[in-house]
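Have the sequence and the 3D view open as you read.

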Amino acid sequence: SSGDSVVTLLDYGAGNVRSVRNAIRRLGFDIKDVKTPEDILNANRLIFPGVGAFGSAMEVLNKTGMAEALRSYIEKDRPLLGICLGLQLLFESSEENGPVKGLGLIPGTVGRFDSSNGFRVPHIGWNALQITRESGILDDIGNHHVYFVHSYRALPSDDNKEWISSTCNYGDKFIASISRGNIHAVQFHPEKSGDVGLSILKRFLYPKSNLTKKPDQGKASKLAKRVIACLDVRTNDKGDLVVTKGDQYDVREHTKDKEVRNLGKPVDLAGQYYIDGADEVSFLNITGFRNFPLGDLPMLQVLRYASENVFVPLTVGGGIRDFTDSNGRHYSSLEVASQYFRSGADKISIGSDAVYAAEEYIRTGVKTGKSSLEQISRVYGNQAVVVSIDPRRIYVKDPHDVEFKTVRVSSLGPNGEEYAWYQCTVNGGREGRPIGAYELAKAVEELGAGEILLNCIDCDGQGKGFDIDLIKLISDAVSIPVIASSGAGAAEHFSEVFAKTNASAALAAGIFHRKEVPIQLVKEHLLKEGIEVRI
Ligand code: 1PR
């Protein structure tokens, strides 16, 4: 019957579940949205992707009568798949803005990861599972990592052990999935876990195809280092949206016409990098500082199309700030970010506006809560907010010459200088600001950034390797993940940055666009060097 190909989706409107929808459709199912508690009770299969904060989710579920319906659906052992917060809500309570009471079906309290033992919080990235019990849905996991992004987790105990089907290690050993009868929930994101994630969803959607295959315990053992493909996007002089790539941020050809370099179409390239094994794809709308993104609909369109085919996390940056258009209509940065999220972004990345926010915070010592960074992080969680830093190296003879944190450089400056500081810039590197990358990184961490994308103008497009001095400085200064960027020219540059710094991920653009070094080769090289990656 037609009911067999319909899945009911509980989306209470707190965030982006577009990728869950795309994944369900990709697997051949239609979606029926829950509008009333009865829709839950009548579902054949229910997917419950929790988004937002625990407290506000419970408030909505209680107020609408959905909480009651969910409890009774679960007590009847009807097929359920909870995702992320959709797992946490099944527990008794959470410490997130709390304690707050949950649905109370599984014994235990959801608490925050402890970052004091050197583990960066949020837990972002591809991690391995320890399968503790057969669940059906995880049978294809084998050697693979799955994608997590969260700051809170539930811990195994004697009281909840009969629910647990896998755990994951990240400082603590926490619950990665639960299964009992037809009730399943996963802390990770199957819709963002590439092919292996799609196969988990498929096993939930087509339980009859569970030709029981014993889940083999894989070699994957911990959080993998990520390899990210980055697409700098802008309109060229003909008005087409193209992927471009600069040398030290200059994206124009060195010809008479000085055209914007065109390396391909954004949606096509993103789809290709997904197939090639990129762990994440980032889009940077590099003229967003001057062209307002909500006026720049093609970028939203790019995200919509890309998210139909790319089942790993997507980040988008460029132009996230308050804006008043020529008709006097005011747009808040939060509206811009919301549009990006709704169009398929998992994370947004803020450049220039984060520099201004950090400068003000350092000057006044006051968190106003009004900056784009603070507002977006409060509404969508800090795991959804990346700050992109565009620093330029400034050599100095003596560290006392500047008020900013300096490093002792590994190769001397043009006049024999032994030190350098890294000056932050805005507007695509066009304007230097009176703040260093170190000071900025620490300030934005306090203001709510969940991750740092660390570029370097000097190294961009040069293919001579990442700026190890800079990346070491920043990745040791903060406890959020740092993405190393700018300068990759060979697979060896990736192993170097992971061996010498505490970067969590490395990003490249030019070598992937020009097909000089395939992503798969980078991964194989890292594996050979003993660095854990997702294969
Ligand atoms: O300031 O919030 O509107 O954000 C603008 C965003 O656009 C920032 O994230 C900024 O880094 C980016 N951006 C602005 N201008 C440029 C430019 O190139 N002219 N691109 C630009 C940044 C750096 C990386 C690049 C790496 C790796 N490009 O994105 O991909 O350097 O390149 P490589 O592997 O080829 O060396 P806002």
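Strand β1 (residues 6–9) runs parallel to β2, and 4 bridges join the two. Across that pairing, L9 sits opposite D33 of β2. Strands and helices here are DSSP runs, numbered from the N terminus (E, at least two residues, for a strand; H or I, at least four, for a helix), and two strands count as paired if DSSP finds at least two bridges between them. As a general point, strands of a sheet pair through backbone hydrogen bonds, either parallel or antiparallel.

A word on the source: this is a predicted model, where local features need pLDDT of at least 70 and side-chain atom pairs count only at pLDDT 80 or more, while totals for chains, interfaces and linings use all residues. Residues are numbered from 1 along each chain as its sequence is written, and side-chain values use heavy atoms, with hydrogens and water left out.

Back to the sheet: β1 and β2 belong to an open sheet of 8 strands, in the order β2-β1-β3-β4-β14-β13-β12-β9, with mixed pairing. Its edges are β2 (30–33) and β9 (130–131), each of which pairs on one side only. There's also an open sheet of 4 strands, ordered β6-β5-β7-β11, and its pairing is mixed too. Here the edge strands, pairing on one side only, are β6 (100–101) and β11 (152–154). Within this sheet, β5 (residues 91–94) pairs with β7 (residues 106–112) in the parallel sense, and F91 has I106 of β7 as its bridge partner.

Now look at β22 (residues 385–389). Of its 5 residues, 5 are buried (buried means under 20% relative accessible area, with exposed over 50% and partly exposed in between, using a 1.4 Å probe on protein chains only). V385, V387 and I389 are covered on one side, and V386 and S388 on the other.

| Pairing with β22 | Bridges | Residues opposite each other |
|---|---|---|
| β21 | 3 bridges | I350 and V387 |
| β27 (residues 451–454) | 4 bridges | E451 and V386 |

What about the helix α1 (residues 18–26)? Its buried residues are S19, V20, R21, N22, A23 and I24. After α1 comes G28, with a positive phi near 90°.

Next, the cores. A nonpolar core is a set of buried Ala, Val, Leu, Ile, Met, Phe, Trp, Tyr and Cys residues joined through side-chain atoms within 4.5 Å. The largest one has 167 residues, and I47, F283 and F494 have the most contacts inside it. Helix α12 (residues 437–447) gives the largest share, 7 residues. Domain 1 (2–209) and domain 2 (226–528) each contribute at least three residues to this core; the bounds come from an automatic or database domain assignment. A second, separate core has 9 residues, among them I228, C230, V386 and L453.

Elements that supply at least two lining residues each include β15 (226–235), β17 (280–285) and α10 (352–364).
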